Amino acid sequence: MSVAAADWLPSATVTPSGRPVLSPGEIERHLLPLADLEPEENPRLAPLRGCLLALTSHRLIFLHEPSLSARALPLASIVHPYPPHRKNSHNPLRSLFSSSSSSSHHPRIRLQISLPPSRSEVVAVVVTCKADVDVFYGRLVEAIRARAWEVATAAVPASGASVAEGAPAREDLAIRMPVVGVSGILRKEQETWESAGQNLQDAFQDLNALMSKAKEMMELAEKMRQKLLTNQSNSNDEEMGSKQDMQDLLLSVGIVSPVTKETAGALYHQQLSRQLADFVRVPVERAGGMMALVDVYCLFNRARGTELISPEDLLQACSLWDKFDVPVMLRKFDSGVKVIQTKTHSDDEVFARISSLAQKPDALQKGISASDAAFTLGIAPALAKEHLLNAENKGLLCRDVSPDGFRFYINLFNEIDPQNIYLTKTHGVYQTWISVATAAH
């Protein structure tokens, strides 16, 4: 049964790479590669088959990857979850002679749910893959008990703990003993250690408060960034510049729910690949359609905070993009440099800009360097050099190697007539080059 048929569940938004879009404050808890959702008592409820099941702090999301559609069961609607069991586990003979393809052989987690307006139903999550069902059930129960969808930010007085009016301060009531003799020195040392211990305890309390607020700050940053994106059309140039800087800052704040090996399990690299594709699309487009893999690694790890990934994990995640319909791709230049670029990136457009740069009077005389091309293209010099070498392979440029490095010139051999190599053309790039060379001497 398709996901669209299960209209008794609310739909869930999916990113272009196939990741569920989480609501503010929602955190991913566990993933199951393959699961079904079947009604236990009401046949009018359409089942869900062959879905990736994502348990979050707010929902059970059933994602049908081929169609990039999803349905969600809010945890708030679950009245009671029952421990995993097999449907025919009480009848060994029936289990023995039943079909091996039947879902009765798979572990089932029965859920008593409440559907609007006010009716109770019993459905079952059928785990049809090899997974630790007990771990999934435990995390499901923890998420239901936590009731994260109801958590509200408690108002904290700006001045800290309230103090009764007219109450004297503790320091005013303390009796200051004079520091005299050995006992005075020991007492002073003890006060110093007590003060240091109190400061350390306060510091750890502040650190815990900061960690608890980190996710809220990232969510706030994401909301502000989206608002900036929607309001860009109604701004002048000066406001656009400041908003662009603010957007750059907010973009690097972090990922609210990074994919980890603990939550994704066997789907770690697959889900990491999808999340990376969603994350890197905007920075790559802002960088002109291409970014070095090293830069992406640093940017992605900075956004993940403490959940760092290895270079091997990043490379494996990028290599999986060929299997998914994502807007970015991994590319390797002839020199071995690896980059991430958008699928709409055109080398012909880059070559046209490089040719235009190389045909300027100053470039016809002195050539262009990787730094010149980087300034024109708005990319890193390392990537600009790769584009220059590609243009040379295409026959657009010629390379000159000197102690000062590589200099690239427009290829004038394309302008020479093979039948008459001494013919001087009165038009085109060749004539422009002759005019520049003559004027220089």
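What follows is a look at one helix packing, and then at a few loop residues.

A: Keep in mind that this is a predicted model. The pair to look at is helix H7, residues 268-286, and helix H9, residues 311-319. Their axes sit 8 Å apart and meet at an angle of about 75 degrees. Since angles of 65 to 115 degrees count as roughly perpendicular, H7 is roughly perpendicular to H9. On the H7 side, the contact is made by Tyr268, His269, Leu272, Ser273 and Leu276. H9 answers with Asp313, Leu314, Gln316, Ala317 and Cys318. Sorted by class, the contact of H7 with H9 has 6 nonpolar residues, 3 polar ones and 1 charged one.

Now for the loops. Pro117 is in the loop between strand E7 (108-115) and strand E8 (119-127), and the peptide bond leading from Pro116 to Pro117 is cis, with omega near 0 degrees.

Leu68 is worth a click as well: its phi is near 50 degrees, a positive value in a residue other than glycine. You'll find Leu68 in the loop between strand E4 (59-64) and strand E5 (69-74), where it is partly exposed, with a relative accessible area of 37%.

Arg147 also has a positive phi, near 50 degrees, and is a residue other than glycine. Arg147 lies in the loop between helix H2 (133-146) and helix H3 (170-173). With a relative accessibility of 34%, Arg147 counts as partly exposed.

Methods: Residues numbered from 1 in each chain as written. Predicted model: local features only at pLDDT ≥ 70, side-chain atom pairs only at ≥ 80, totals over all residues. Heavy atoms only, no water. Axes fitted to C-alpha atoms, helices over the stretch in contact; angles between N-to-C directions. Helix = DSSP H or I, 4+ residues; strand = E, 2+ residues; numbered from the N terminus. Parallel < 35°, antiparallel > 145°, perpendicular 65-115°, else oblique. Contact = heavy atoms within 4.5 Å. Nonpolar A, V, L, I, M, F, W, Y, C, P; charged D, E, K, R; others polar. Buried < 20%, exposed > 50% of the residue type's maximum accessible area, 1.4 Å probe, protein only.
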